[in-house]
Amino acid sequence: MEEFLVGCVEESLAQYLYPNASFIAERLYAEYPHEANSHLLATCYFRGGHDYRAYHTLKECTLPQSRYLLAQCCYKLGKLVEAEQALKPSPDSEIPNGAAG
């Protein structure tokens, strides 16, 4: 069931149906609260223009792609110090997405 819901969310995102994607992703995350599903939910929020929701969804995430999306949210919200911390939480950590990050 989880794979089916992920496919539905990705299909909705591909067709620019952001409210539909957010709705399904919220149900997905409620049933299967994994970090990957949290990232997918935040992606729906971010693409739908709900940067603050995406920001709060990603605050505790540690996956590189989640940190990069969190930095994007922080940048759009004017939280530049937090954006930098999301990209490089410690001096020896790698920047998500390399030079693009």
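This is a predicted model: local features need pLDDT of at least 70, side-chain atom pairs count only at pLDDT 80 or more; totals for chains, interfaces and linings use all residues.
Student: How many residues of α3 are buried, and which are they?

Tutor: Ten of the 13 residues in α3 are buried, and the helix is mostly covered. The buried residues are Asn 37, Ser 38, His 39, Leu 40, Leu 41, Ala 42, Thr 43, Cys 44, Tyr 45 and Phe 46.

Student: Why is Ser 38 called buried?

Tutor: Buried means under 20% relative accessible area. Ser 38 has 4% relative accessibility, so Ser 38 counts as buried. Ser 38 lies in helix α3 and touches Tyr 29, Thr 57 and Cys 61, leaving aside residues up to four places away in sequence.

Student: What span is expected for helix α3, and what does the model give?

Tutor: The expected span is 1.5 Å times one less than the number of residues. Helix α3, residues 35–47, has 13 residues, and 18 Å is expected. From first C-alpha to last, α3 reaches 18 Å, close to that expectation. Just after α3, Gly 49 takes a positive phi of about 90°.

Student: What makes a set of residues a nonpolar core, and how many residues has the largest one here?

Tutor: The members are buried nonpolar residues joined through side-chain atoms within 4.5 Å. The largest such core has 26 residues. Those with the most contacts inside it are Val 9, Leu 13, Cys 44, Ala 54, Leu 58, Leu 70 and Cys 73. Each of α1, α2, α3, α4, α5 and α6 supplies at least two residues of this core, and α3 gives the most, with six.

Student: Which residues does Cys 73 touch?

Tutor: Contact means heavy atoms within 4.5 Å. Not counting residues up to four places away in sequence, Cys 73 touches Phe 46, Asp 51, Ala 54, Tyr 55 and Leu 58.

Student: Which residues line the largest pocket?

Tutor: A lining residue has an atom within 4 Å of a pocket point. The lining of the largest pocket consists of Tyr 55, Lys 59, Cys 61, Arg 67, Leu 70, Glu 82, Gln 85, Ala 86 and Pro 89. Two or more of these residues come from each of α5 (64–77) and α6 (80–87); α6 gives the most, with three residues. The pocket has a volume of about 150 Å³.

Student: How does the lining of the largest pocket divide by residue type?

Tutor: The lining has five nonpolar, one polar and three charged residues.

Terms used. Residues are numbered from 1 along each chain as its sequence is written. Side-chain values use heavy atoms; hydrogens and water are left out. On a 1 Å grid over the protein atoms alone, a cavity is a set of points where a 1.4 Å probe fits but cannot get out, and a pocket is an open set with protein on both sides within 12 Å along at least five of seven lines; lining residues have an atom within 4 Å of a point. Grid points are joined across faces, edges and corners, and a volume is the space filled by probe spheres set on the points. Helices (H or I, at least four residues) and strands (E, at least two) are DSSP runs, numbered from the N terminus. Ala, Val, Leu, Ile, Met, Phe, Trp, Tyr, Cys and Pro count as nonpolar, Asp, Glu, Lys and Arg as charged, and the others, Gly among them, as polar. Buried means under 20% relative accessible area, exposed over 50%, partly exposed in between (1.4 Å probe, protein chains only).
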